[in-house]
Amino acid sequence: MNIHEYQAKSLLKKYGVAVPRGGVAYTPQEAETVARELGGPVWVVKSQIHAGGRGAGRFKGNPEGKGGVRVVKSIEEVGKNAGEMLNNVLITKQTGPEGREVKRLYVEEGADIKRELYLGLLTDRATGRVTIMASTEGGMEIEEVAHNTPEKIVKVAIDPATGVQGYHTRKIAFALGLEGKQVGSAAKFITAAYKAFIDLDCAIVEINPLIVTGAGDILALDAKISFDDNALFRHKDIEELRDEAEEDPYEIEAAKHSLNYVKLDGNIGCMVNGAGLAMATMDIIKLYGGEPANFLDVGGGATKERVTAAFKLILSDSNVEGILVNIFGGIMRCDVIAEGVVAAAREVHLHVPLVVRLEGTNVDLGKKILAESGLPILSADNLADAAEKVVKAVKEAA
Ligand code: GDP
Ligand code: MN
């Protein structure tokens, strides 16, 4: 789960990470009020969307205009720029061409930027440790730095038993070219960010840019946090920060029914039990020249209701031109799946070819239910046969 910049900064601040003062605003009037309370002479009005590259982004219908992060020098300008950004669609490198509508702004006190650096914390699967990444090349995408000048990134893996130590923070501070009291400030900053990462079960904490001000202070000018969804149950207060407007509506619906669903770009909807089988199903669809429209794992112990919900979810995606149901009935019984498929196909007017491959417990009963349903369901005997049939059926229907 992702959250907005202003929410990330507020969480990090509680842990002692240095951030500029600011406040959230939903209207131009609120933006002006926040600016007045902060005091001048410089403010930054920042679009809050779950995507980076806002500064260099452009608003839809105004490609020559200004971006989603604006530095302004009067209260009136705060209101005027807020009005230009709110309820408009911001397109950045990370949003894709459709962009994201800006519904919230963050108004911050302006910072006197002397240097822009990068600091990121993430779980490195290779070492199995939280790894701190730092670079002198702040303000640009770290992927780009990693690609063009990998030697400019320093990585420090943290042993969970010791946590962040002085030698870790000094190594990072020196790599960033910090000196004097900045080394101590960086130690405090990094230690606080690491504590936040561990306490809040984060997947990513990214500060880009981390800045050094004219006065020599170290501040998080931007902040991004992604949480580990598997640990969210431990953090009800964080769950409340969720902004559903920023999430895929299909994935929200899936979560309500405990379905593991990820929308993809293809046209063949898949309903499978078990993540491994779902991956294999997607692979074999591609092998036969098709493109999966989604990953969907209905789980081992799915009920008829859950299968119906899954089926409706697949059909609600207008890109879907064919469906492949691939179920191995282990804990799950094939007759339950068959009943769910039939019920859903009746409820939601089935307008695309449907191929079903069932195997396992009560398979004969399941196949009988499908055959006697009177629905135009194509039955398949194995995985390859199923993939071949659905790809062919979609091509013929097109
Ligand atoms: P992103 O483009 O979505 O990553 O948004 P950022 O929060 O990183 O802002 C983009 C850029 O705007 C930063 O790299 C800074 O160069 C600039 N910026 C942000 N806040 C300030 C500020 O307070 N003062 C000045 N002068 N520039 C700022
Ligand atoms: Mn940034």
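I began with N87, which I located in the loop between α3 (75-85) and β5 (89-91); helices here are DSSP runs of H or I with at least four residues and strands are runs of E with at least two, numbered from the N terminus. I noted that the model is predicted, that local features need pLDDT of at least 70 and side-chain atom pairs count only at pLDDT 80 or more, while totals for chains, interfaces and linings use all residues. Residues are numbered from 1 along each chain as its sequence is written, chains are lettered from A and ligands numbered from 1 in the order in which they are written, and side-chain values use heavy atoms, with hydrogens and water left out.

I looked up N87 because its phi is positive, about 65°, although the residue is not a glycine. N87 is exposed, with a relative accessible area of 55%; buried means under 20% of that area, exposed over 50%, and partly exposed in between, with a 1.4 Å probe and protein chains only. I found a positive phi, near 50°, at D201 also, again in a residue other than glycine. D201 sits in the loop between α6 (181-199) and β11, and at 16% relative accessibility D201 counts as buried.

I then turned to the peptide bonds, keeping in mind that most of them are trans and that most residues other than glycine have a negative phi. The bond from G40 to P41 is cis, with omega near 5°, and P41 belongs to the loop between α2 (28-38) and β2. N208 and P209 are likewise joined by a cis peptide bond, with omega about 10°, and P209 lies in strand β11.

Which residues come nearest to ligand 1? I listed K46, R54, G55, A111 and E116, out of the 16 residues around the ligand, a residue being near if one of its heavy atoms lies within 4 Å. Among the polar contacts (pairs of N or O atoms within 3.5 Å; within protein, one must be able to donate a hydrogen and the other to accept it, and residues adjacent in sequence count only if both atoms are side-chain atoms), I recorded a backbone N or O atom of G55 at 2.8 Å from an oxygen atom of ligand 1 and one of A111 at 2.9 Å from an oxygen atom of the ligand. From the side chain of E116, an N or O atom is 2.6 Å from a ligand oxygen atom.

The elements that give two or more residues to the shell are β2 (43-47), β4 (69-72), β8 (113-124) and β11 (202-213). Domain 1 (21-109) and domain 2 (113-239) both contribute residues to this shell, so ligand 1 lies between them; the bounds come from an automatic or database domain assignment.

My search of the whole structure returned two aromatic pairs. One of them, Y250 with Y261, is tilted, at 6.4 Å centre to centre and 55° between the planes; rings of Phe, Tyr and Trp (its six-membered ring) pair if their centres lie within 6.5 Å, planes under 30 degrees apart count as stacked, over 60 as edge-to-face and the rest as tilted. Y250 lies in helix α8 (residues 249-256) and Y261 in strand β14 (residues 260-263), so this pair ties together parts eleven residues apart in sequence.

Finally, I noted 13 helices and 19 strands in the chain.
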